[in-house]
Amino acid sequence: MKPLIPNTFGLSVYAKQVETATSVAQLFQYWQRAKAQNLPVLILGQGSNTLFTSDFDGVVILNRIMGTVVRETESHILLHVGAGENWHQLVDKTISEGIKGLENLALIPGCVGSAPIQNIGAYGVEFQKFADYVEVVELATGKITTVLDGQYGYRDSIFKHQYGEGYAIVYVGLTLAKQWQPVLAYGDLKNLNPATVTAQEIFTHICRVRQQKLPDPAVMGNGGSFFKNPVVPTAVFETMRANYPNIPHYPQASGEIKLAAGWLIDQCGLKGYQIGGACVHKDQALVLVNTHHQASAQDVVTLARYVRNRVAEKFSVWLEPEIRFMGKVGEIDAVKLLAQDS
Ligand code: FAD
Ligand code: EPU
C-alpha cells in the first residue's frame, strides 16, 4: 500500500515513499538514497500550497527539522528556527512571550521553511519584513549556504528560482525590531486604534477574521488563494475602472496596480460554481475547495481552468495560480496546464 501525501486539498494522492527528516543529515541521506534508486524527490512542508495533479512516482521528504533559538541585541530579537516548525505556532509563541511583529501573519498554514519561498503575506505584511537569512542545503553535495538576499517579491523569492530545484531550506533566521509599530492599513484593521492597540489584540483580531473568511482545510480541503492577485499597468486599470468604478485596487511601489482576483471571479458570478467535487468557495471566490473531500485533482484543475477562462473573457486579465502544481515526477507549469484546452 503506497503512503498518502499530506495535502490540505484533502486529495487522495500517493507517493512511492514518504519519509520524515528531523535533521539536515537525515534529509541529505533520504535524498541520496532516492537518487541511488533513480527516484524523483520532493521536499514538502505541510502541503498547504501544493496541488498534486497525480500520484508522485518517487520519494516525498517531509521537512521536520525542529527547534527555535532566541537571541537579542539592544534593538532586535533574533530567531533561528528549524524549517519544519509550524508557522502559526511560531507566531503564537512569540506573541504570547511578548515578542511583537509577526501578529499580522497569524494563522497562515504551513512550515517556517516554506514561508520564504513564496514570501508569505497577509494583512499588509510580508515575510520579507523579518527575513534575516535562510539556510539552504544543496542536495547534490550537502553544502550549506546562508542566503542573505532572498530577492523577495509578491509571492516570489530566490527560493523559487536560483535556490529552488536541488536545494532544501533547513533553517530560517528572523529579526524583529524591539521598537514595534502596529500595521493597520489593511481592511478593517483600520478600525483599531494605533495609539492603544497591542500585538496580542491584532493577533486575536486576525485569527477571528481569517476563521470567518477562509475555509478550514480540515473541514473543506483547499490551498488558500488559488490564484495570485494580478498586477496590471495603470492604463489597463484605468480602462477597467471606467466600467467598474468600485473595482478594488492596490497601487504598487512599481507604479502598477494590483487587482483583487477574488473580486474578478466574484463579478463573473462564479461563487458556488462546481465541477465534480471541486467548487468556488461561496464566501471567498479566490479559494477553490474540495467540498466533501471527494474531488479528484482533475476536478480542481478543470474548475481552475474554467474560472481562469471566464475571468479572461470578461476582463481580459489572465490569472496565474499561486498554488504550485506537482505532477508524477516533479513540478509542472501550472499556467501551461491551465492554458491547455482540457
Ligand atoms: P508546501 O505546500 O508543503 O510546499 C510549498 C512548496 O515549497 C512546494 O513546492 C515544496 O516542494 C516547497 N518546499 C516546502 N518546504 C521546503 C523546504 N524546506 N525546502 C525547499 N522547498 C520546500 N499564503 C500566504 O502567503 N498568505 C496567506 O494568507 C495564506 N493563507 C492560506 C490559508 C489557507 C487556508 C491555506 C490552506 C493556505 C494559505 N496560504 C497562504 C498558503 C500557504 O499557507 C503558504 O504558502 C505556506 O507557506 C505553505 O507552507 P507548506 O509548508 O504547507 O508548503
Ligand atoms: N472580494 C470580493 N469577492 C470575493 C473575494 C474578495 O469582492 O469573493 C474582494 C474583497 O471584498 C476585497 C478584495 O476582494 O475588496 C480583497 O479580498 P481579501 O481582503 O479577502 O483578500 P484577497 O486579495 O482575496 C489576499 C491574499 C491572501 C491574504 C489576504 C489578506 C493573495 C493571492 N491572497 O487575498 O493570502 O490572506 O489577501 O491579506 O494575495 C493566500 O495566499 O493563500 C492567501 C489566503
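I will start with one pair of residues: Glu135 stands opposite Thr146 in strand E10. Before going on, some ground rules. This is a predicted model, in which local features need pLDDT of at least 70 and side-chain atom pairs count only at pLDDT 80 or more, while totals for chains, interfaces and linings use all residues. Residues are numbered from 1 along each chain as its sequence is written, chains are lettered from A and ligands numbered from 1 in the order in which they are written, and side-chain values use heavy atoms, with hydrogens and water left out.

Now the terms. Helices (H or I, at least four residues) and strands (E, at least two) are DSSP runs, numbered from the N terminus. Two strands count as paired if DSSP finds at least two bridges between them.

Back to the opening pair. Strand E9, residues 131-138, and strand E10, residues 144-147, run antiparallel and are joined by four bridges. Their hairpin has five residues between the strands, and Gly142 there takes a positive phi near 85 degrees.

A second hairpin is made by E5 and E6, with three residues between them. Strand E5 covers residues 68-72 and strand E6 residues 76-82; the two pair in the antiparallel sense over five bridges. Within that pairing, Arg71 stands opposite Leu78 of E6.

Next, the sheets. As background, strands of a sheet pair through backbone hydrogen bonds, either parallel or antiparallel.

The parallel case here is an open sheet of three strands in the order E1-E4-E2. Strand E1 (15-21) and E2 are the edge strands, each pairing on one side only. From one strand to the next, the twist averages 25 degrees. E2 pairs with strand E4, residues 56-63, in the parallel sense over four bridges, and Leu42 has Val60 in E4 as its bridge partner. Helix H1, residues 24-36, packs on this sheet and touches E1, E2 and E4; its direction makes about 160 degrees with that of E1. Contact here means heavy atoms within 4.5 Å. The axes are lines fitted to C-alpha atoms, for helices over the stretch in contact, and angles run from 0 to 180 degrees between N-to-C directions.

The antiparallel case is an open sheet of four strands, ordered E12-E18-E17-E16. Its edge strands, each pairing on one side only, are E12 (221-225) and E16 (274-275). Three bridges hold the antiparallel pairing of E12 with strand E18, residues 287-290, and Gly221 stands opposite Asn290 of E18. Helix H6, residues 297-315, packs on this sheet, touching E16, strand E17 (278-280) and E18, with its direction at about 30 degrees to that of E17.

That leaves the ligands. A residue is near a ligand if one of its heavy atoms lies within 4 Å of it. A polar contact is a pair of N or O atoms within 3.5 Å; within protein, one must be able to donate a hydrogen and the other to accept it, and residues adjacent in sequence count only if both atoms are side-chain atoms.

Which residues come nearest to ligand 1? Of the 33 around it, they are Ile43, Ser48, Thr50, Pro109 and Ser114. An oxygen atom of ligand 1 is 2.7 Å from a side-chain N or O atom of Thr50. Backbone contacts also occur: an oxygen atom of the ligand is 2.8 Å from a polar backbone atom of Gly45, and one is 2.9 Å from a polar backbone atom of Cys111. The protein covers 93% of the 990 Å² of accessible area that ligand 1 has on its own. Accessible areas come from the Shrake-Rupley method with a 1.4 Å probe; for residues, only the protein chains shown count as cover.

Polar side-chain atoms lie 2.7 Å from an oxygen atom of the ligand in Tyr154 and 2.6 Å in Glu322. In Tyr186, a side-chain N or O atom is 2.6 Å from an oxygen atom of ligand 2. Taken alone, ligand 2 exposes 830 Å², and the protein buries 81% of that.
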